[in-house]
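Reader: Could you walk me through this one? I'd like to start with the repeats and then look at the rings.

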Amino acid sequence: MNTWSSWHPKCSHLAVPPVSMGFEIGSSSVSVVPNRRSRRIKLGFVFPIFHSTIVGVLHCSISSKFVTLFKPNKCHVGGGFALLEFEEKAIGNELVEGQTDSTDHTSVNSVSEGVKSSLDLDHVRDDNNSEEKVLGRRNSDEDDKEECDGKIDVRELAMSLQSAKTVDDVEVILKGRGDLPLQVYSTVIKGFGKDKRMDSALILFDWMKRRKMESNGSFGPNLFIYNSLLGVVKQSEQFGFMESILNEMAQDGITYNVVTYNTLMSIYIEKGEGENALNMLEEIHRNGLTPSPVSYSQVLLAYRRLEDGNGALNFFVDFREKYRRGEIGKDDDGEDWESELIKLEKFTIRVCYQVMRCWLVSHDNLSNNVLKFLVDMDNAGIPLGRADLERLVWACTREDHYNVVKELYKRIRERHDKISLSVCNHIIWLMGKAKKWWAALEIYEDLLDKGPKPNNLSYELIKSHFNILLSAAKKKGIWRWGVRLLNKMEDKGLNPGSKEWNTVLMACSKASETTAAVQIFKRMVENGEKPTIISYGALLSALEKGKLYDEALRVWNHMVKVGVEPNAYAYTVMASIYTAQGNFNRVDAIIREMVTLGIEITVVTYNAIISGCARNGMSSAAYEWFHRMKVQNISPNEITYEMMIEALANDGKPRLAYELYIRAQKEGLVLSSKAYDVVVQSSQEYGATINISVLGPRPADKKKKLQVRKTLTEFYNLADVPRRS
């Protein structure tokens, strides 16, 4: 019958099948090589014993039914490579493969820490000296030489014990098997840990305690059994059993070893009790034990769970100084501490990175903590690598991360020869979100000058930032800045589209810069961009404000000729132009054409006509258009009344101005203090009799709008532009 694994109580070889059987304890398969040089898989199995570690290298030979694994003599190597199953998560795993002759039984000098072996054979060995150190007992030389007649199918035994519900069930299953080696039970208990079968492990443990009483102490749980049981507590997360197990150890007089403390540290970390985990290291020193590399790794992991990056960094620096002074490794404990120092350094860097990432994703603004900690890591001589720096960039998603992402980008550029394009795009996006558009442009310039070559996303991101700046320039009327932004875009290969050209055109129009608007319109056409109705509307508005009515009419005729259909804004501008010329027949024609085309006539169009009348001293015409809008059921607003009041007052008609002010009040409109002053002053000037009390109290002065910024210097603060730019 095929067996999964076997244990010879006194012999130094085991048998496993050539294929996996699926049991959670694990299995291994070995491929057949069709010549005398068989392929050998070297599996490092470890079992820490105080200050030394036993590593077994299994040599595989293949038969037709199962693989026999021969266990060579023990060898002492670094305990940093030695992790029990419950310590694998913190450190990792590695499998070393090699090819040797079938007669070569040379031991491996180094194995990965935290080996994730398919067979947990660190406990399945015949090391009497190590047993003596742990249990205080010695096997006879005759036992070492005794041959065994049978084999133990550990998989079958474990499967049977899983079904046990009581201690008596275990007794029935094990009846007739005799006293099996304790290492077999340790293997089974560890298997229960992988399956998270705490109950099964405890039932087997209780049976072993009963056997101890029945055998007068000749058979019972030893340190390895307790360590394995604690491992099950950790893996199954049944932390409530930890104290009872430790009490059992105290009653049996079993002293903790480093593996016990490491397991306890791991349990405390899983429970979220980082401080208790750190206290275990002090316990190790107090009890005269030497911490293993795993101990130091667990301490770093505890600082990680506490999100105490400074604690982890200071701990590693202190460890490194002690090693350099010869305080660590002075007892020649067999550890390769030079190698372990490198591993702990890498682990510390990883912990520090993870802590900083936690700070960045926190709801609190901990950007200053990150910036300071980056400097502390530099001072400690363990700066983050490019990959970790880029990962931190991805963790920056808020506006208050701007300073952090700027520092991270600087470090990557200065210390490494490459940077990910996706990271650069993310930085450009974040800087735009933080309203640092000029800084985003500098990132884009670096892409052009230093690489990597920007892609479509880079182009769209930076173009969107330009649009934000252009919109700000339009809003503030800073037309010169809009022109310079267009120039900058062209210099960087960002071809402005109609949206960008139109934004600058509207900025020129708002600033009444007619000449600049004409030049921008010409450049737009020269660059192959077809003007839209928005382009023509902005140009017409600029010409109207510059009183270049004839040029405006030529632009209008050209627009109609090329087939660009006017919108309500363009019609309104033309109505204002014809009003200023006193050509009310054309104004009427504009209104009729809008109605014919189905373009809605709003209060804005009538306000433009009334304003044109008021500015040109045509109060009667203004009053007529005021009545026409009422006939069209278009309700006047504050601007309508204020312009009418101003027109009538200037034309020597204070009584009509007064009546319009009262009407506006009755309609629930709140006019400005300027309209109030115009009514009062015109009445006094022309001797009109009015009841000022009916007007009510003088309205409060509206807050003055910020003066339109027309210089680049004033715009620098708005756009976060350095003066040197």
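Predicted model: local features only at pLDDT ≥ 70, side-chain atom pairs only at ≥ 80, totals over all residues.

Reader: How far apart are the end C-alpha atoms of residues 602-636?

Author: UniProt, in an unreviewed entry, lists residues 602-636 under "repeat: PPR", and residues 567-601 are on that list too. The 602-636 span is 74% helix and 0% strand. Its end C-alpha atoms are separated by 10 Å.

Reader: Which ring does the charged end of R628 sit over?

Author: The charged end of R628 is 3.9 Å from the centre of the ring in question. That ring belongs to W625.

Reader: And where does the charged end of K436 sit?

Author: Here the separation from the ring centre is 5.3 Å. The cut-off for a charge over a ring includes being within 6 Å of the ring centre. The charged end of K436 sits over the ring of Y402.

Reader: Now the aromatic pairs. How many does the structure hold, and what is the geometry of Y185 and W207?

Author: The structure holds 18 aromatic pairs. Y185 and W207 form one with 5.7 Å centre to centre and 50° between the planes. Planes under 30 degrees apart would count as stacked and over 60 as edge-to-face, so this pair, at 50°, is tilted.

Reader: Which parts does the pair of Y185 and W207 tie together?

Author: The two residues are 22 apart in sequence, and both are buried. Y185 lies in helix α6 (residues 182-194) and W207 in helix α7 (residues 198-214), so the pair ties together α6 and α7.

Reader: What about F319 and W337: are they buried or exposed?

Author: They form a tilted pair, 6.1 Å centre to centre with 55° between the planes. F319 lies in helix α13 (residues 309-324) and W337 in helix α14 (residues 337-361), so parts 18 residues apart in sequence are tied together. The relative accessible area is 3% for F319 and 5% for W337. Buried means under 20%, so F319 and W337 are both buried.

Reader: Which residues do ring pairs link into a cluster with F319 and W337?

Author: Besides F319 and W337, the cluster linked by ring pairs takes in Y296, Y303 and F315.

Reader: Last one: what is S673 in contact with, leaving aside its neighbours within four places in sequence?

Author: S673 lies in helix α32 (residues 673-686). At 10% relative accessibility, S673 counts as buried. With those sequence neighbours left aside, its contacts are R698, P699, A700 and D701.

Note on methods:
Residues numbered from 1 in each chain as written. Heavy atoms only, no water. Phe/Tyr/Trp six-rings, centres within 6.5 Å; stacked < 30°, edge-to-face > 60°. Helix = DSSP H or I, 4+ residues; strand = E, 2+ residues; numbered from the N terminus. Buried < 20%, exposed > 50% of the residue type's maximum accessible area, 1.4 Å probe, protein only. Lys NZ or Arg CZ within 6 Å of the ring centre and 35° of its normal. UniProt positions renumbered as here; feature names shortened; annotations may be inferred. Contact = heavy atoms within 4.5 Å.
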